[in-house]
Each structure stands twice: as structure tokens, then as C-alpha cells.
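Welcome! Please take a look at the structure shown here before reading on.

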Amino acid sequence: MGSPPADDGPGTAGRCILHVDMDAFFAAIELRRRPELRGLPVVVGGRGDPTRRGVVATASYEARRFGVRSGMPLRVAWRRCPEAVFLPVDFAHYAAVSEQVKAVLREFSPALEDAGLDEAFLDLTGSARPPEAVARAIKRRVRERTGLTCSIGVGPNKLLAKLASDMDKPDGLTVLSAADLERRVWPLPVRRLQGVGPKTEARLETLGVRTVGELAAVPESELTAHFGPAHGRALHEAALGIDDSPLVTTWEPRSVSRETTFQRDLRERAELERRLDALAAAVAAHMAAEGRVGRTVTVKLRYADFETHTRGLTLPAPTADPGVIARAARACLDRFPRTRPVRLLGVRVTGLTRQAAEAGRSAPAGSEPP
Ligand code: DCP
Ligand code: CA
């Protein structure tokens, strides 16, 4: 007890977790479609009318300077910052943008914990690239695709990664290892730890504990006496930067494929193309039903003598369009030497990501398969 955890920071054998947190999320989205409001205090909440009931969902950093905070009644925000621009909450729009952001994150790691509309954890353990480089690439791609900034924290667990993402907002990138605990985490107020709400904060204050470092100095037995065994232990471990909790990931398929073995071996190009189109259509329909798009189309071909080959093609952009997938599959088919009869044909799409709801809605209607 009490001994600091071994340094299992990024780059060594330990876990490598990223926490991605969008900056002033709802407000940043509103500013994207109302650029004339940039630089002004903007408050997003309720119906956007501070004379009516409702609370602040979020505020631009300019409005926060006046003391406007999430959860505050709009009326109070109005009193603190009368010149603020008040906007209504457009939840459906934010959810669509959130999907776009998550789709970008899934391109970097399939091990993703969706932690809310505007944040997620990513597991990069074992990644060959340094986590800082991946984090910079994520920030760049999120900005390219959505025009929004995020702050990223890198750490050996979820606890430290989440603390890190909040250390350099907005547009920040912070790496925390267990070795940084004393210098960078212990000065923080206990409230910043996950699992410390207003009630726990108040009870810790009666014990003379306000900072994480002060919490770390309290014997575990004292914490369990006050908070019970589970919560006491969790507080003790959090203060020491210990967190073994796994990411709660949702399972994501990596590919969608269909293949057919023919009743009789096929030779004719036209017949092969017809079969290929049908397979491409089935794959595309499955992807569309699952809300997924993919980038790489691969065709598998087995000759009558069982010799099997594949040819693949990566598209410029992910798609679930049956026409695009069928054309890519035909282009792959053209690259097989067609000398022998064929007994099996397959189409697979990999590089799957979730289709951003917004992109889906604004996309032109899918072209018909040829
Ligand atoms: N939100 C809300 N009501 C709250 C808190 C938050 O509706 N009481 C919404 C609005 C936020 C989003 O959730 O935009 C994310 O909340 P955060 O607390 O992460 O705050 P922001 O993303 O707005 O700002 P920050 O840059 O500090 O992360
Ligand atoms: Ca946020």
C-alpha cells in the first residue's frame, strides 16, 4: 500500500489510452454554421431564449469568461453576460456531428469506448506509431472532416488519459505518465477525479482533503472506514493514478463479404460480371443496413482446380454505394488472368467505418448498379 505504481507510461510495455474530448462541443458546432458569431460570447441552451425556462448546455470560451457554466439556468447566464448570443439546442444536428467524429476515431483504432456525445477513449496499446503522433493525426483529421477542434489526453489508463485531455483546452495535447503523478495530478482538486461528485467532495473536505495529493496521503483504511470498502479503495487508487478498468467497447465488424460457389464452373465474362454485381449488391445492402461504409473492395476467385487468388482495390473515399462497389469489383476482376473456368467468386469490403448520419443524409442518391 502507498507505493507509487511502476511507470508504465506510453512507449513502454504498459497500456496506451487516448481520451478525446471535443472543445465547447455544442457551441463550436453552432459557430461552424454561424461564423459571424466567432469571438462573441455564445450560450447554447434550452430554446435559446433566456427569458424562458432552460439551462445552459454549453457556452463558448468567451462566454465562460463571464462565469457562464453548463447546467446554469439561462436566466442566470443572461444576468452574468447580457450581451451573449443565446442559441437553441439542436440535438439531432450535434448527434450527427458526433457520429462523424466517432467515425474518424474508429479509423485510428477499432477499440473505442464511446463515452458520450463529445468524448471517447481509444486503446492504442501495441501501436507501432508513437501515441503523440497518432493524437496529432487524429486532431488533424477531426478538423479536416468537421472543422472542429478537440483536446486529447494520452496516458497508461483511462483515469490519467481523461485528466490529461482536460489539461490544455482547447485544441490541446497532453501526455501523462505515472511518473507525472506527483507534479501534475496531485495539485488538482479531488473533484476532477472520476467518481468524485459534489457529495464526495464535501465529505473529503471535512477530512481536510481538497487536492488529489492530499487524498493520496490518507491511509486506505481511513478512506474505506469513511466511504465503504469499494468506494474507499477506488478513491485511494485514483489518487495514486491506478486504474485497471478496461475500455467498454462496442463490437465493430471489420469486413462484410459474400461468396458463391457455382453449380457449374463459369467461363463467360458476362456471366461472371452478373454474378459479381449480385454479390456486390448484397454486400452493399448489408453495409447500408448496418450503417457502415468501407474503402477497400477485394474480389476472390477460385478456379476449377481450387487454386484461389484475390485482387483488391482501395477507393478514394469510404462508400456503401452498390454501383461504386460493383465497379470496383469489376476492376478487380479485370486483373485476374482469365484462362480457366471459375468455380467460386467472392466480394469483400474492408476498412469499415460507421457512416456519419449527416453525410448519409446529404449524400446524393446511390447510383444504380450497372
Ligand atoms: N452538456 C449539456 N449539459 C451539461 C453539460 C454538457 O448539455 N450540463 C453538453 C454540451 C456540451 C457537451 O455536452 O457541449 C460536452 O460537455 P463538456 O462538459 O465536455 O463541455 P464542452 O465540450 O462544451 O466544453 P469543453 O471544451 O470544456 O470540453
Ligand atoms: Ca467537451
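Predicted model: local features only at pLDDT ≥ 70, side-chain atom pairs only at ≥ 80, totals over all residues.

Residues are numbered from 1 along each chain as its sequence is written, chains are lettered from A and ligands numbered from 1 in the order in which they are written, and side-chain values use heavy atoms, without hydrogens and water.

Let us begin with the protein chain. You will find 14 helices and 13 strands in it; these are DSSP runs numbered from the N terminus, with helices (H or I) of at least four residues and strands (E) of at least two. Some overall values are gathered here.

| Property of the protein chain | Value |
|---|---|
| Box filled by the C-alpha atoms, along the principal axes | roughly 85 × 55 × 30 Å |
| Residues that count as buried | 44% of 370 residues |
| Radius of gyration | 26 Å |

Buried means under 20% relative accessible area, exposed over 50%, and partly exposed in between, using a 1.4 Å probe and protein chains only. For a compact globule of 370 residues, the radius of gyration would be near 21 Å; the radius is taken over C-alpha atoms, and the globule rule is 2.2 Å times the number of residues to the power 0.38.

Now for the glycine. Gly126 sits in the loop between strand S6 (119–123) and helix H5 (131–146). Is Gly126 buried or exposed? Gly126 is exposed, because its relative accessible area is 76%. Gly126 and Phe91 are 35 residues apart along the chain, and their C-alpha atoms are separated by 36 Å.
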